[in-house]
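This report concerns helix packing and backbone geometry in a protein model. Please consult the sequence and structure shown here.

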Amino acid sequence: MKRKTGLILCLLAVLLVAAIAIFTFTRPKTSTDSKKITVTVIFEDGSTNVHEVETDGEYLIDAVKEFTTGEDSAYGFFITGVDGVEADAAAEQWWCINDGNGEMLMTGVSDTPIKDGDAFQLVLMTGYDY
Amino acid sequence: MTTKQKRPFTAKRATYIAAMTAIILVSKEALSSIANVEPVTLLVCLFTVHFGFDTLYAIYVFALVEGMIYGFHPLWWIPYLYVWTILSVIAHAFRKETSPLLWAGLMGIYGLCFGFLCSMPYFAIGQWSMGFTYFLSGLGFDLVHCVANFCIGLFLWIPLTRALSHISYE
């Protein structure tokens, strides 16, 4: 039994070290330098509103907090409204965060690092079949 | 030649499955405000050791209720069907083990691999790059999950095993 426990703990230690190494080396770098980014808000009817934001913030949340509303959660800030337009959760509406090419990000607004010249989209989506 | 007798699906057995489901669901929701600290891993392991694969019924009802609460989005709900099943199968393979350190280690490994297991649909729909990006973006949460699972297992395995030892199907 002791041998099995030792093996499991060794495996855990190896995986943990590997995960910490991957996490450390693949983590996007952030900076507190001044940066200018563009955030395009796309509403349900296709109309847009473009925000050119200057910020020293490290993450996207620092750039969009002026024109968004939402709730803090254990997983970061959850955007519920942009430019005064609230997503109707009952109608399965939600704000999707895309990069400048329209590709959905895998990180939330609190975990997305920004750098000078970055572009993002905040798109009001309806339904979860995206 | 001996044949394995199939256990009848009695009211008592159904009640135990319902109780397992309720305990998993309520305790999970109670801790939902703390990111990646969850009691489901511990409970699935404990129930599998004690009640065998009846735990699978509880897992699937739990997944069904979670879907009713949060919506049946395939990218999270389909993983929910298999990640706990995989854990239950692993726990069943180790069911004779009693060391809390071993169980804490297993639960830690599972917590660390949780994001990878959940990224499978992303690998399927978006190929390698999408799955890998999803996995990397959640790795920080997996590290928290690993440490939390290890601590929960280390401190709660013995007391909960003792508590469950008073309950049986017989």
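Where in chain A is A:Asp83 found? The model is a predicted one, and in it A:Asp83 is found in the loop between β4 (76-82) and β5 (85-86) of chain A.

## Residues with positive phi

Most residues other than glycine have a negative phi.

In chain B, B:Asn36 is not a glycine either, yet its phi is positive, at about 60°. B:Asn36 has its place in the loop between α1 (11-30) and α2 of chain B. With a relative accessible area of 12%, B:Asn36 is buried, because that class takes values under 20%.

## Packing of α2 against α5 in chain B

Two packed helices are described by the angle between their axes and the distance between the axes. For helix α2 (residues 40-51) and helix α5 (residues 100-118) of chain B, the axes come within 10 Å and cross at roughly 130°. That angle makes α2(B) oblique to α5(B), because it falls in neither the roughly perpendicular range of 65 to 115 degrees nor the roughly antiparallel range over 145. The crossing of α2(B) and α5(B) is right-handed.

On the α2(B) side, the contact is made by B:Thr41, B:Leu42, B:Cys45 and B:Val49; on the α5(B) side, by B:Trp103, B:Met107 and B:Tyr110. The residues of this contact comprise 6 nonpolar, 1 polar and no charged.

## Packing of α2 against α7 in chain B

The axes of α2(B) and α7(B) come within 9 Å and cross at roughly 35°. This crossing, too, is right-handed. Residues of α2(B) in the contact include B:Leu46, B:Phe47, B:His50 and B:Phe51, and among those they meet in α7(B) are B:His145, B:Asn149, B:Leu160 and B:Thr161. The residues of the contact of α2(B) with α7(B) divide into 11 nonpolar, 6 polar and no charged.

## Helix α7 of chain B

Helix α7 (residues 139-164) of chain B has a kink of about 50° at B:Leu156, shortly before the proline B:Pro159.

The buried residues of α7(B) include B:Leu139, B:Asp142, B:Cys146, B:Ala148, B:Trp157 and B:Leu164. The buried residues of this helix pack against α2, α5 and α6 (120-137) of chain B, together with α1 (2-26) of chain A.

Terms used: Residues are numbered from 1 along each chain as its sequence is written. Chains are lettered from A and ligands numbered from 1 in the order in which they are written. This is a predicted model: local features need pLDDT of at least 70, side-chain atom pairs count only at pLDDT 80 or more; totals for chains, interfaces and linings use all residues. Side-chain values use heavy atoms; hydrogens and water are left out. Axes are lines fitted to C-alpha atoms, for helices over the stretch in contact, and angles run from 0 to 180 degrees between N-to-C directions. Helices (H or I, at least four residues) and strands (E, at least two) are DSSP runs, numbered from the N terminus. Angles under 35 degrees count as roughly parallel, over 145 as roughly antiparallel, 65 to 115 as roughly perpendicular and the rest as oblique. A crossing is left-handed if the near helix is turned anticlockwise from the far one by less than a right angle, and right-handed if clockwise. Contact means heavy atoms within 4.5 Å. Ala, Val, Leu, Ile, Met, Phe, Trp, Tyr, Cys and Pro count as nonpolar, Asp, Glu, Lys and Arg as charged, and the others, Gly among them, as polar. The bend at a residue is the angle between axes fitted to the seven residues ending there and the seven starting there. Buried means under 20% relative accessible area, exposed over 50%, partly exposed in between (1.4 Å probe, protein chains only).
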